[in-house]
Number of protein chains: 2
Amino acid sequence: MQHIAEPFELAPQLQQDCFVVGYLPLCQVLLLNDANFTWVVLVPRIAGATEIFQLSDSHQSMLLQESSVIARMIAEHFPCDKLNIAALGNIVSQLHIHHIARRRDDLCWPGVVWGYGQGRAYQTHEKNTLLQTLQNLLSHSPGFCSAPVDSCADE
Amino acid sequence: MQHIAEPFELAPQLQQDCFVVGYLPLCQVLLLNDANFTWVVLVPRIAGATEIFQLSDSHQSMLLQESSVIARMIAEHFPCDKLNIAALGNIVSQLHIHHIARRRDDLCWPGVVWGYGQGRAYQTHEKNTLLQTLQNLLSHSPGFCSAPVDSCADE
């Protein structure tokens, strides 16, 4: 599976708020640092993109496919009554798509998670365990690579 | 363009909160009755669907295509600094995808629109004009039909 290999830099705010899970052919896969929710963010590695419709048809298809991989993984392997999937970008305009496991007993059900207040940062061991779990689950997805894309391309 | 012709009923809450703009091959196109935002909702006419990944690959592709038609239309023809696109469903579980034109000077920028408070219902003439505008814009999209699907299928 061919990875996107264009120059791309993750927005500083996403670098600050998230841990890198790995790389699917189009998207960087991030875990948001809020232990209150299982919250995965996909970022298409297309410089300058802010809206899904700006992507080429083929990149849109890749995004859809990768989004469904993440959604299915969350729904099948984490406590989840409903997924919330959203491309917002009011604060960080770089195109990124939230995938959040929602539970009827979570902090802000049935409200949305954006703006609910301060998140709870992961403990280091929690974060490491969860990243490992996510990487293991995604290792079955075509083209997934936990190392940076350059290393993937060498494989 | 072949329309989905399976038995399908729009969720009562969506019937109550929205006006029908028309029908794309997969989705019913709705206008949310909140004059504070240009807010279009797509509902795939697949009974029982609550998550995008539950749709068949071909229905997912149709959804993506129709979502991008709506997103592009909003971005090009309405005041819009950023689109917010989201599949939430915490309250109405029937799969539906929000497409909202956000402006830096709107009521809740940069926050999200869900839960911001009471919307402002359209005046009848505003609603009729806007529905007509949306129908005219969508009339160029393959398979769009402003009448119910049965009538489209007869065309």
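User: Among contacts in chain A between residues at least 6 apart in sequence, what share joins residues at least 24 apart?

Analyst: Happy to start there, keeping in mind that this is a predicted model. The count takes in contacts in chain A between residues at least 6 apart in sequence. The part that joins residues at least 24 apart comes to 57%.

User: In what order do the elements of chain A run from the N terminus on?

Analyst: Chain A has 4 helices and 5 strands. Starting at the N terminus, their order is α-β-β-β-α-β-β-α-α.

User: What is the radius of gyration of chain A, and how does that bear on its being as compact as a globular protein of that length?

Analyst: The C-alpha trace of chain A spans about 40 × 30 × 25 Å along its principal axes, and 37% of the 155 residues count as buried. For 155 residues the globule rule gives 15 Å, and the value for chain A is close to that, so the chain is as compact as a globular protein of that length. The radius of gyration itself is 15 Å.

User: Which residue in S2(A) is the bridge partner of Cys18(A)?

Analyst: Strand S1 (residues 18–23) of chain A runs antiparallel to S2(A), and 5 bridges join the two. A hairpin of 3 residues connects S1(A) to S2(A). Within S2(A), Cys18(A) has as its bridge partner Leu32(A).

User: And on the S3(A) side, which residue is the bridge partner of Cys27(A)?

Analyst: S2(A) also pairs with strand S3 (residues 39–44) of chain A, in the antiparallel sense and over 5 bridges. Here the hairpin between S2(A) and S3(A) goes through 6 residues. The S3(A) partner of Cys27(A) is Pro44(A).

User: How many of the 6 residues of strand S2 of chain A are buried?

Analyst: S2(A) has bridges to S1(A) and to S3(A). This strand, residues 27–32, is mostly covered. Of its 6 residues, the number buried is 5.

Notes: Residues are numbered from 1 along each chain as its sequence is written. Chains are lettered from A and ligands numbered from 1 in the order in which they are written. This is a predicted model: local features need pLDDT of at least 70, side-chain atom pairs count only at pLDDT 80 or more; totals for chains, interfaces and linings use all residues. A residue is buried if 20 or more other C-beta atoms lie within 10 Å of its own, exposed if 12 or fewer, and partly exposed in between; C-beta atoms are placed from the backbone. Two strands pair if DSSP finds at least two bridges between them. The radius of gyration is taken over C-alpha atoms; the globule rule is 2.2 Å times the number of residues to the power 0.38. Two residues are in contact if their C-beta atoms, placed from the backbone, lie within 7 Å.
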